[in-house]
Number of protein chains: 2
Amino acid sequence: MTVKFIAVGKIDAEYLREAVSIYKNRLMHYVPFELICIPDIKNAGKLSENQLKIREGENILETLKTGDEIILLDEKGETFSSPEFATFISKKINSGTKRLVFIAGGAYGFSEEMYKKASTTVSLSRMTFNHQMVRLVFIEQLYRAFTIIRGEPYHHK
Amino acid sequence: MTVKFIAVGKIDAEYLREAVSIYKNRLMHYVPFELICIPDIKNAGKLSENQLKIREGENILETLKTGDEIILLDEKGETFSSPEFATFISKKINSGTKRLVFIAGGAYGFSEEMYKKASTTVSLSRMTFNHQMVRLVFIEQLYRAFTIIRGEPYHHK
């Protein structure tokens with residue numbers, strides 16, 4: 001299985017780029033992993049919230065392939081403890097999922113179309129995280145999940 | 001009201017120090033805020049999990065003053081959406097709390113003594129976050145809460 005993580009917008013702060021790259025490299029010891037940043041929509045300020053979500057959704061869908069299993073990161077989604085999230089990933093591996101694609105939306109979330117394409121939504125927190133920071137938090141969580149699957153000591157509890 | 005955030009251990013990565021400092025400066029436009037990093041316990045490897053939590057707890061308690069209202073960050077605590085967390089803080093301001101003290105524990109969490117001293121526990125997520133990264137996530141969340149209280153546009157939803 002390979003894991004893709006698609007996020008809307010470039011990473012705008014150097015400290016986040018560095019942090020994301022550290023955890024991405026750690027994660028790639030466990031699973032083939034790709035981080036895709038979808039470019040921000042130009043003139044986004046002239047669009048309504050809904051138009052922006054639709055345009056972002058179209059750009060996301062262009063990067064997907066048939067057979068990708070799509071999981072949206074959405075604060076209203078299902079919540080997991082870290083061991084439960086590891087089990088969730090483990091089940092995907094065992095059920096023969098080829099490409100597991102997690103998607104973090106833009107500042108306003110996802111279009112209706114994106115919800116239709118997704119197999120499920122996962123919540124990192126009921127709190128809204130800065131959509132840049134979500135990348136770091138989620139990649140660390142993916143890394144943590146794979147260390148739990150392997151029975152390694154990174155996750156203490 | 002002033003807000004203190006106590007965390008165990010130095011911030012060990014430069015990118016996190018930078019990120020934390022950016023959000024700390026933003027937050028201080030809204031509320032007097034202090035971040036206290038409790039030094040790591042020396043020879044922690046020779047202590048049991050429980051001994052380590054007790055020693056960390058003693059060091060935390062030394063920094064507290066009578067009348068501090070203590071809130072532990074613990075993944076088993078109460079969960080909030082960001083607007084709910086803003087309301088939680090707003091109520092503390094209105095009820096005359098002088099010093100609101102949030103505490104992030106070490107890698108193994110808190111001693112029994114710390115739970116006894118706390119008025120409540122708050123969960124950022126059911127997932128376990130890297131205890132270094134929690135600082136960034138939480139300070140951003142505090143900043144977000146104050147922008148919500150002031151009705152400012154940082155929090156979109």
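The model is a prediction, so local features are reported only at pLDDT of at least 70 and side-chain atom pairs only at pLDDT 80 or more, while totals for chains, interfaces and linings use all residues. Residues are numbered from 1 along each chain as its sequence is written, with chains lettered from A and ligands numbered from 1 in the order in which they are written.

Chain B first. Its 5 strands form an open sheet with parallel pairing, in the order β2-β1-β4-β3-β5. Here strands (E, at least two residues) and helices (H or I, at least four) are DSSP runs numbered from the N terminus, and two strands pair if DSSP finds at least two bridges between them. At the edges sit β2 (33–38) and β5 of chain B; each has a single partner strand, so one side of each lacks a neighbour in the sheet. From one strand to the next, the twist averages 30°. Angles like this one run from 0 to 180 degrees between N-to-C directions, with axes taken as lines fitted to C-alpha atoms, for helices over the stretch in contact.

Within that sheet, β3(B) (residues 68–79) pairs with two strands. With β4(B) (residues 99–104) it runs parallel over 6 bridges, and B:Asp68 stands opposite B:Arg99 there. With β5(B) (residues 120–123), β3(B) is also parallel, joined by 5 bridges, and B:Glu78 faces B:Val122 across that pairing.

As for the helices, α2(B) (residues 49–62) lies across β1 (2–8), β2 and β4 of chain B, running at about 145° to β2(B). The axes of α3(B) and α5(B) come within 8 Å and cross at roughly 80°. That makes the two helices roughly perpendicular (the class for 65 to 115 degrees; under 35 is roughly parallel, over 145 roughly antiparallel and the rest oblique). On the α3(B) side, the contact includes B:Phe85 and B:Ile89, and on the α5(B) side B:Ala145 and B:Ile148. Contact means that the C-beta atoms of two residues, placed from the backbone, lie within 7 Å. The residues of this helix contact split into 7 nonpolar, 3 polar and 1 charged, where Ala, Val, Leu, Ile, Met, Phe, Trp, Tyr, Cys and Pro count as nonpolar, Asp, Glu, Lys and Arg as charged, and the others, Gly among them, as polar.

Strands β1(A) (residues 2–8) and β4(A) (residues 99–104) pair in the parallel sense over 6 bridges, with A:Arg99 of β4(A) as the bridge partner of A:Thr2.
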